[in-house]
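I opened the model to look up a few helix and loop residues. My entries follow.

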Amino acid sequence: MVASAFTSSAVTGVARVASGCAVVLPLGRIATVVIGGVVAVKAVPMVLGVMGFTATGITSSSIAAKMMSAAAIANGGGVAPGSLVATLQSLGATGLSGLTRFILGSTGSAIAAGIARFY
């Protein structure tokens, strides 16, 4: 079926024109992709906090403290700049940058789209 203009329907889905053919995208699938991106962006700071990477520093007796201890032992007594522990602590202390939010949102949306293909 050839479509010459953009059409939409709130009940059946959203159609877009792609190379002369109308492609129908169900609203449920679109919502899944959007929600996947939002969840990814919102979950990462929460997970970092639970692990012990906080704005006030690494929480004692946490997963982050154990990671820091292992990194310091492996590095001869200090945590190397740019290491995983240093990067995660930086994210926990300062939050996510705009670029990081974009990358996380895109990745979460892509994963949700991949999962949604099977349903």
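I looked up what covers the buried residues of α3, and the cover includes α1 (27–51), β4 (53–54), β5 (57–58) and α2 (63–74). Helices here (H or I, at least four residues) and strands (E, at least two) are DSSP runs, numbered from the N terminus. The model is predicted: local features need pLDDT of at least 70, side-chain atom pairs count only at pLDDT 80 or more, and totals for chains, interfaces and linings use all residues. Residues are numbered from 1 along each chain as its sequence is written, and side-chain values use heavy atoms, with hydrogens and water left out.

In α3 (residues 84–94) I found V85, L88 and Q89 buried. They cover an arc of only 100° around the axis, so they are on the same side of α3; the arc is that of the directions from the helix axis to the C-beta atoms. Buried means under 20% relative accessible area, exposed over 50%, partly exposed in between (1.4 Å probe, protein chains only). After α3 comes G95, with a positive phi near 90°.

Next I checked S109, in helix α4 (residues 98–116). S109 counts as buried because its relative accessibility is 18%. Leaving out residues up to four places away in sequence, S109 touches V33, G36 and G37, where contact means heavy atoms within 4.5 Å.

Last, I turned to S61, in the loop between β5 and α2. S61 is a residue other than glycine with a positive phi, near 60°. Is S61 buried or exposed? It counts as exposed, because its relative accessibility is 68%.
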